[in-house]
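Dear colleague,

I am passing on the structure we spoke about, and I would be glad if you looked through it before reading my notes. Please keep it open beside this email.

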Amino acid sequence: MEMRTHDIFRLAFKALRDRKLRSFLTILGIMIGSAVILALIASSSGLSVGIQAQVEKIGANTLTVSSARQFFGGGSSGTQSYQLSQQDVNTIKSFQGVSDVIPYYSQRATISYGSNSIQGELIGVDASALFTMYKGLSLYSGGLPDSYDPSAAAVGYSIAFPTGSTDQLTLNQMVSIALGGSTSSSLTFLVKGIFSEYGRVLFSNIDETIFISLQSAQILLKTQYFSGLYVMTETPEDVTSVQQEIESYYGDQVRVMNAGSMLSSVESITSQMTVFLGSIGGVSLFVAAVGITNTMFVSVMERTREIGILKALGYRPRQIMGMFLSEAVLSGIIGGVGGTMLGYVLSFIIGGALPMSGGFGPPGRTTSTTTLTPVFTPELIVFSLLFPIGIAVLAGLYPAWRAARMNAVVALKYE
């Protein structure tokens with residue numbers, strides 16, 4: 001007797017529906033495992049892509065130098081950290097392979113104008129070096145502040161056009177800068193330029209930054225010592241040798257970082273995290289597979305007389321096996337589709353729970369955050385759909401084979 005494919009799956013669906021609770025729990029296990037694996041792979045891919053994009057913005061030939069004690073949050077009481085000065089700029093410029101050294105001041109600040117009060121970052125730097133520091137940075141309107149004008153400033157896009165506010169910044173408008181949210185040390189600046197949307201550069205949000213001249217920063221921060229130095233090498237190949245020379249010269253007094261090594265470290269950590277958490281998803285799928293096997297064994301026992309009747313009617317072993325195996329396939333299909341949809345949602349939740357924050361430089365810089373954007377490739381979606389089906393089929397093979405091999409006479413006598 002022949003059975004059409006849709007008849008087999010119709011019977012399989014009826015069998016699952018007749019055992020609602022067991023079927024639901026089994027499919028739920030498949031969904032959770034599939035969703036976790038999809039979400040972790042998509043989130044880790046999004047992290048790598050995001051970090052790679054930020055590395056490209058700052059350039060592969062860029063190093064940052066900051067005080068080691070400042071970077072690590074200070075030392076013991078009374079310990080004086082090394083302070084970077086113009087002499088260090090001149091010293092590092094003399095190293096072989098260095099094309100330029102750009103000093104900067106950096107501090108958390110509150111930028112106020114009209115009804116807006118925005119927590120952001122203040123950077124004091126030679127404005128002419130901004131386009132060298134940040135690849136692809138452009139002006140939305142106006143121009144760069146004059147290095148010799150102590151009252152001029154240029155602001156990031158989010159400062160000029162804050163989300164949820166109708167009070168927007170215009171050129172030649174005055175803004176007030178207060179350090180650390182305090183009004184005890186503040187100055188007023190005239191906005192000469194507004195930058196286009198740019199995003200993050202290794203965790204530092206340029207859109208939430210106000211740029212002033214080095215001289216203005218010295219006055220506002222009341223110090224001649226720099227927060228850090230951007231060191232540009234002649235070629236990306238010179239980065240390692242220049243970093244080693246700086247570290248050899250200064251010892252543990254300064255902290256030297258490069259974008260490439262940070263990317264490698266982040267990817268290594270992400271890979272380990274994905275493998276570890278992905279194994280949890282794998283365990284969940286394994287548990288689901290055990291559930292499928294158990295459910296199908298129970299189903300075979302419950303339907304022993306039915307199997308005997310089918311065999312007496314002329315059903316061949318491969319047809320009996322196909323009937324039971326279709327239950328496993330259907331469980332895998334429902335679990336895979338549901339898991340893919342759940343994983344899609346979960347990947348954005350994971351992205352929101354793993355914000356990229358901090359800064360490529362000393363801790364004085366803004367600690368703003370942004371969520372990751374998961375990356376879904378066609379291969380990942382296909383894997384998420386087919387892998388649970390494969391697991392389900394493997395789990396259902398033996399029970400289905402046992403059903404197909406059952407003796408018809410024994411099955412008909414079974415009570």
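Below is what I found, beginning with the protein as a whole and ending with one residue.

Please bear in mind throughout that this is a predicted model. The protein has 13 helices and twelve strands, and buried residues make up 48% of its 415 residues. If you take the contacts between residues at least 6 apart in sequence, 80% of them join residues that are at least 24 apart. The protein exposes about 19700 Å², of which carbon and sulfur atoms supply 60%.

Leaving aside residues up to four places away in sequence, Ile92 touches Val98, Val101, Leu229, Val231, Ile246 and Tyr250.

Finally, which helix holds Leu380? Leu380 lies in helix α12, which runs over residues 378–404, and Leu380 counts as buried because its relative accessible area is 8%, where the cut-off for buried is under 20%. Not counting residues up to four places away in sequence, Leu380 touches Leu38, Ile41, Ala42 and Val375. Although Leu380 and Ala42 are 338 residues apart along the chain, their C-alpha atoms are separated by 8.0 Å.

Terms used. Residues numbered from 1 in each chain as written. Predicted model: local features only at pLDDT ≥ 70, side-chain atom pairs only at ≥ 80, totals over all residues. Heavy atoms only, no water. Helix = DSSP H or I, 4+ residues; strand = E, 2+ residues; numbered from the N terminus. Buried < 20%, exposed > 50% of the residue type's maximum accessible area, 1.4 Å probe, protein only. Contact = heavy atoms within 4.5 Å. Areas by Shrake-Rupley, 256 points an atom, 1.4 Å probe, with all protein chains shown as cover.
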